[in-house]
Amino acid sequence: MKRILKILRGLIILLICLTSLLPFFILLILALNSSKRVFYEGNIFIPEFYWQNFLDAWNKSRIGTAMVNSAVITAGTLVLTIAAGGMAGYAIARYKTRFNKLVFGILLSCMMIPGIINTVPLYTLMRKLHAVNTLWGMVLVCSTLAMPSAVFIYTTFIEALPKELDEAAAIDGCTGMAVFWKIIFPVIRPATASFVILNGFGIWNNYAQAAFFLQSRAKQNIPQALSVFFQQFGGAKWNIMAATSAIAIVPVVIVFLIFQKQFIKGLTDGAMKG
């Protein structure tokens, strides 16, 4: 009976994996077919391997520029948010003052508000700062939206650490800033991994705020570039659009394959902390 249940569980897991991979398989089939090929004719599981689609997609969609923009925005946001959110989380976790508790409560309340609601006041502020249509302005916007999540994650992890770590470092002559960066921050790597998992891909795929703050074609991120490109073709050339989409997901897949162990460890440690 146990063996049957084990086999059924394996079959269910395999079915879930195949179901998840099916859209990507269809995407690759479309991307490797020429425009003359009808998808449902012939052997639909064997494409024509028409590699010219990828070259045309790269030249016509400007996806390369969009990838660079998305990479700059994502990296800048993660670095800024991890640094500021980590220090704020450390202060809130270690110094239980009324002010810190109030700030933490306000940040938790901000997590319940959809980011799109803040777009109008943010746009007004960004115009005054001359930050509209700039990558650094988009970094500030994404950092603002991700900061409550960062503070919450780091506060939760740091509260679980013994205060003896801080006391031992203070005896050795470390200041509060040195204690955090030299002692606490290396210990809470799973917190950083959890934050990157929960927010990194969302920042990479951000479209709602990018549509407001990145108006120039040269400043568009990947979701914007794909949207404009798809509107341009209007569903007429599925092979080119599929090739563009396949190119767009390559960086995300590469990052996940490189850091999959850290991602999984961050998820499991984050679940145990919760």
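## Close-up views around helix 6

**Figure 1. Packing of helix 6 against helix 9 in the predicted model.** Helix 6 (residues 135-159) and helix 9 (residues 189-204) pack with their axes 10 Å apart, at an angle of about 155°. The two helices are therefore roughly antiparallel to each other, since angles over 145 degrees are counted that way. Their crossing is right-handed.

**Figure 2. Residues in the contact of helix 6 with helix 9.** From helix 6, the contact takes in Cys 142, Ala 146, Ser 149, Ala 150, Ile 153, Tyr 154 and Phe 157. Helix 9 meets them with Pro 190, Ala 191, Thr 192, Ser 194, Phe 195, Leu 198, Asn 199 and Ile 203. Sorted by class, this contact holds 11 nonpolar and 4 polar residues, with no charged residues.

**Figure 3. Crossing of helix 4 and helix 6.** The axes of these helices come within 8 Å and cross at roughly 125°. That angle makes helix 4 oblique to helix 6. The crossing is left-handed, whereas that of helix 6 and helix 9 is right-handed. On the helix 4 side, the contact is made by Phe 104, Leu 107, Leu 108 and Cys 110. Helix 6 contributes Pro 148, Val 151, Phe 152 and Thr 155. By class, the contact of helix 4 with helix 6 has 7 nonpolar residues, 1 polar residue and no charged residues.

**Figure 4. The second largest pocket and its lining.** About 440 Å³ of space lies in this pocket. Its lining consists of 22 residues, and Gly 115, Thr 144, Leu 145, Ala 146 and Pro 148 lie nearest the centre. Two or more lining residues come from each of helix 4 (98-110), helix 5 (119-128), helix 6 and helix 9. Helix 6 gives the most, with 7 residues. The lining divides into 15 nonpolar and 7 polar residues, with no charged residues.

Figure 5. Along the sequence, the pattern reads α-α-α-α-α-α-α-α-α-α-α-α. Taken along the principal axes, the C-alpha atoms fill a box of roughly 75 × 65 × 30 Å.

Terms used:
Residues numbered from 1 in each chain as written. Predicted model: local features only at pLDDT ≥ 70, side-chain atom pairs only at ≥ 80, totals over all residues. Heavy atoms only, no water. Axes fitted to C-alpha atoms, helices over the stretch in contact; angles between N-to-C directions. Helix = DSSP H or I, 4+ residues; strand = E, 2+ residues; numbered from the N terminus. Parallel < 35°, antiparallel > 145°, perpendicular 65-115°, else oblique. Left-handed = near helix turned anticlockwise from the far one by under 90°. Contact = heavy atoms within 4.5 Å. Nonpolar A, V, L, I, M, F, W, Y, C, P; charged D, E, K, R; others polar. 1 Å grid on protein atoms, 1.4 Å probe; cavity = no way out; pocket = protein on both sides within 12 Å on 5 of 7 lines; lining within 4 Å. Points joined across faces, edges and corners; volume = space filled by probe spheres on them.
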